[in-house]
Amino acid sequence: MRADPLRYLSVELDSLKTQGLYRRLRVLDGEQKAHASFDHTSVVNLSSNNYLGLTTHPKLREAALDATRTLGVGSGSVRTIAGTMEIHLELERRLATFKHTEAAVVFQSGFTANAGTVSSILGKDDFIVSDELNHASIIDGARLSRATIKVFPHRDAKAARNIVEGLPPDRRRLLITDGVFSMDGDLGPLPELCDVADEFGCIMMVDDAHASGVFGRNGRGTVDHFNLHGRVDVQVGTLSKAVGALGGYVAGSRALIEFLYHRARPFLFSTSHPPAVAAACLAAIDVLETEPQLIQRLWDNTRFFKGGLAELGFNTGASESPITPVIVGEGALAMTLSDQLFAAGVFAQGIGFPTVARDKARVRTIVTATHTREELQFALDAFAKVGRSLGVI
Ligand SMILES: Cc1ncc(COP(=O)(O)O)c(C=O)c1O
């Protein structure tokens, strides 16, 4: 009999089980909502990125259904061959106008937007100066570019400046940060990094995945939030989180976007969105522009819930966004906390190494505009009970 050449994978999985880090995928039984059913259990859902509740917004649903009826279920090709539909271009025009940039390009996901952009605009003679907690898609894009990667300590713009100062000025240098860090909910020091980029002539790039639909006027992101229009060369956003559907985009100059049309590998080598996705995203921009009360409610809920966790004595780090981590340290403890919260009717995902540092395991909470106060209070009560019984507070 043939020996299994993949046996080492089972060994690795067994080791995760021994460490209490093995995760079974939870299954969402119905729609992605603030109160949902996972694994046939009704829970207050603090684990989605559905910040504004747009996954089930009637306008998005109708737009997607309409597009499916009139345009079919798939685009049938990559963008550069036969897969560019008018609706894809309409979405890109709307995004550019929304972000106040010359142009925008839509990718299949935020991940491919980051990885495809970083890997194509830089090459092996260039430098990437990157926050140590930047998203995996930035790290992968940086590796694919073959540029030299220099990492600065989290949110330390002075350290970033010191690195940039020592780099050859005749080389391309990309300074890159997340707008909102996905595991900690804190903001990148964008104004200070823009100063460094201006001083040394770097390309400035921000990944606004968790800021899209959340920060800035009508959810335009951190560049708008900090009023840095014209100073960030490459703005990545996602359509998969607050926008409620799927996709990522890059907003910037016309030359940047046309270059990405020609060189970004996910754009060139992977099929474009089904029309329903593009239509839902267009409807989402309408909602962002016409229903600002959703963002207001998101922030009211954020203040309420974050304040409640802090009052209970949890370590919630330095979050400034609707993402609030409850940091407990050890991976196994974070998973136990998450499991016991689930049993108590609250879904807050446990997150351990390698997603976060080994000693910074946590349960991550994300509130949305559509949580009711009763649901949030229910969740706080569950955190209090389980947190005390496990000695976390
Ligand atoms: C900071 C950050 N950037 C990019 C992404 C990728 O976005 P998407 O889910 O649209 O691929 C994520 C999502 O996990 C993220 O948290």
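Predicted model: local features only at pLDDT ≥ 70, side-chain atom pairs only at ≥ 80, totals over all residues.

Residues are numbered from 1 along each chain as its sequence is written, and side-chain values use heavy atoms, with hydrogens and water left out.

Q: What makes strand β7 mostly covered?
A: Buried means under 20% relative accessible area, exposed over 50% and partly exposed in between, with a 1.4 Å probe and protein chains only. In β7 (residues 203-207), 4 of the 5 residues are buried. The strand itself is a DSSP run of E, at least two residues long, whereas a helix is a run of H or I of at least four; both are numbered from the N terminus.

Q: How do you know that β7 pairs with strand β6 and with strand β8?
A: Two strands pair if DSSP finds at least two bridges between them. β6 (residues 173-178) and β7 have 5 bridges, in the parallel sense, and β7 and β8 (residues 234-238) have 3, also parallel. Met205 in β7 is the bridge partner of Ile176, and Met205 stands opposite Val234 in β8.

Q: Why is the β-α-β crossover from β6 to β7 called right-handed?
A: The name applies if, with the strands pointing away from the viewer, the path from the first strand over the helix to the second runs clockwise. Here the chain goes from β6 through helix α7 (residues 190-200) to β7, and the crossover is right-handed.

Q: What makes a set of residues the largest nonpolar core?
A: A nonpolar core is a set of buried Ala, Val, Leu, Ile, Met, Phe, Trp, Tyr and Cys residues joined through side-chain atoms within 4.5 Å. The largest such set has 44 residues, and Tyr51, Leu52, Leu91, Leu95 and Leu239 have the most contacts inside it. Helix α11 gives the most to this core, with 12 residues.

Q: Why is the space lined by Leu95, Phe98 and Ser212, among others, called a cavity?
A: On a 1 Å grid over the protein atoms alone, a cavity is a set of points where a 1.4 Å probe fits but cannot get out, and lining residues have an atom within 4 Å of a point. The search finds 2 cavities of 30 Å³ or more. The space in question is the second largest cavity, with a volume of about 50 Å³; a volume is the space filled by probe spheres set on the points, which are joined across faces, edges and corners.

Definitions and conventions:
1 Å grid on protein atoms, 1.4 Å probe; cavity = no way out; pocket = protein on both sides within 12 Å on 5 of 7 lines; lining within 4 Å.
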